[in-house]
Amino acid sequence: MYTKFSVGLATALAFALPVSAETLRLSHNVGDTTTWQQGAEKFGELLAAETDGAYDVRVFPNAQLAGGDQMKQAEMTGRGAIDVVLTSAINVTPLAPEMAAFSLPYLYADYAAVDRTTAGKAGDKMEEIMAGHGIHILAWGENGFREVTNSKRPIKTPADMEGLKMRVAGPMYIDVMNDLGANPQQMQWSETFPALQQGVVDGQENPIGAVIIPQRVYEVQTYITPWHYSYDPLFLGISKERWDAMDDATKAQFQTAADEAMAYQIDISRKATDEGLAFLKEQGMEVTELTPEELQAFKDATKPSFDTWSEKVGADIVQLFTDEANAAQ
């Protein structure tokens, strides 16, 4: 028989017990040693703190939730099969071609130009477009300026790219490599290291701080040319259906955690990049620095891809990005 005391005690205990956390599955493209992973983990830590443990973020690297297919993650997030995604703009171009605007060859001169677009009207436009595909972009992060590495020879001129088998991430980079006379091979990142190791491909292009160093690409590549030919931002996105179902207070908690996590991820990526070339030299890589005139030759050679993808992206969007990027210089 229950007494008033036992009922009161049971009620007090019920309030004292922790509410079980809701698990969110977060998928990203690359390995667990990268700044992508660190940014994802930071988001989980901050979200748990903001919500008093109401949410538990489980991080799945190497696109595990999409069967290793990094291009499918965004589409799966848009339909709610993945809760949260951390991916890069170039990886969602099959779903949203407009996102290729960020990565048009030689669009950006420096980080100031990048930051102006992600924080300005260009970034707002891309967020609107992704919302139409069922993804709410919480915050922008950084993959970075993509640099070229290979195991065959130094790359100093476009002619040096002739015939090299180059791993690339997406359709636009296929066109860029074709402009340069290389032989592009589109490949999932999880397959790339063994392909480089076994000589299936000769080279690849990726950011130094976010990928080349943490993924130990220097172990299977001899030459690197920091040609800054394309920039690739990350974004942290959540299923729009899930986002729309949240109350304003929860949305604010998610937003705070996302903003702080991606600011942290950008910071550690840029620091790793700043220190990266010296480290790669220590690891035995040969670094080829380009003069402005040599860099211009690559810009001229990749102009056909710039024009082709500008048409796919849309003239109004390209103009928006160009205006903001140039205004930052």
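The model is predicted, so local features need pLDDT of at least 70 and side-chain atom pairs count only at pLDDT 80 or more, while totals for chains, interfaces and linings use all residues. Residues are numbered from 1 along each chain as its sequence is written, and side-chain values use heavy atoms, with hydrogens and water left out.

**Exercise 1. Leu 24**

Task: Determine where Leu 24 is found and whether Leu 24 is buried or exposed.

Solution. Step 1: Locate the residue. Leu 24 belongs to strand β1, residues 22–28. Helices (H or I, at least four residues) and strands (E, at least two) are DSSP runs, numbered from the N terminus.

Step 1: Consider accessibility. Leu 24 counts as buried because its relative accessibility is 0%. Buried means under 20% relative accessible area, exposed over 50%, and partly exposed in between, with a 1.4 Å probe and protein chains only.

Step 2: List the contacts, where contact means heavy atoms within 4.5 Å. Leaving out residues up to four places away in sequence, Leu 24 touches Leu 47, Tyr 55, Asp 56, Val 57, Arg 58, Asp 83, Val 84, Arg 242 and Phe 254.

Step 3: Leu 24 and Val 59 are 35 residues apart in sequence, and their C-alpha atoms are 8.5 Å apart.

**Exercise 2. Residues in loops**

Task: State the loop and the accessibility of Gly 80, Val 200 and Tyr 106.

Solution. Step 1: Gly 80 is in the loop between α3 and β3. With a relative accessible area of 37%, Gly 80 is partly exposed. Its C-alpha atom is separated by 7.3 Å from that of Glu 241, 161 residues apart along the chain.

Step 1: Val 200 occupies the loop between α7 (189–198) and β7 (203–206). Val 200 is partly exposed, at a relative accessible area of 44%. Beyond its neighbours within four places in sequence, Val 200 is in contact with Lys 165 and Ala 195. Val 200 and Asp 300 are 100 residues apart in sequence and 29 Å apart in space, C-alpha to C-alpha.

Step 2: Tyr 106 lies in the loop between β3 (84–88) and α4. Its relative accessibility is 11%, so Tyr 106 counts as buried. Although Tyr 106 is not a glycine, its phi is positive, about 60°.

Step 3: Ala 63 is placed in the loop between β2 (55–60) and α3 (73–78), and at 0% relative accessibility Ala 63 counts as buried.

**Exercise 3. Two helix pairs**

Task: At what angle do α2 and α10 pack, and at what angle do α4 and α13 pack?

Solution. Step 1: Recall the description. Two packed helices are described by the angle between their axes and the distance between the axes. Axes are lines fitted to C-alpha atoms, for helices over the stretch in contact, and angles run from 0 to 180 degrees between N-to-C directions.

Step 1: Take the first pair. Helix α2 (residues 35–50) and helix α10 (residues 248–282) pack at about 150°, with their axes 8 Å apart. α2 and α10 are therefore roughly antiparallel to each other. Angles under 35 degrees count as roughly parallel, over 145 as roughly antiparallel, 65 to 115 as roughly perpendicular and the rest as oblique.

Step 2: Take the second pair. α4 and α13 pack at an angle of about 135°, their axes being 8 Å apart. This makes α4 oblique to α13. The contact is formed by Ala 113, Arg 116 and Thr 117 of α4 with Phe 321, Glu 324, Ala 325 and Ala 327 of α13.

**Exercise 4. The nonpolar cores**

Task: Which members of the largest nonpolar core touch the most other members?

Solution. Step 1: Apply the definition. A nonpolar core is a set of buried Ala, Val, Leu, Ile, Met, Phe, Trp, Tyr and Cys residues joined through side-chain atoms within 4.5 Å.

Step 1: Name the members. The largest core has 50 residues, of which Met 99, Tyr 108, Met 161, Trp 227, Phe 235 and Phe 321 touch the most other members. The largest share of this core, 5 residues, is supplied by β4.

Step 2: Identify the second core. This separate core of 41 residues includes Val 30, Trp 36, Leu 196 and Leu 277.
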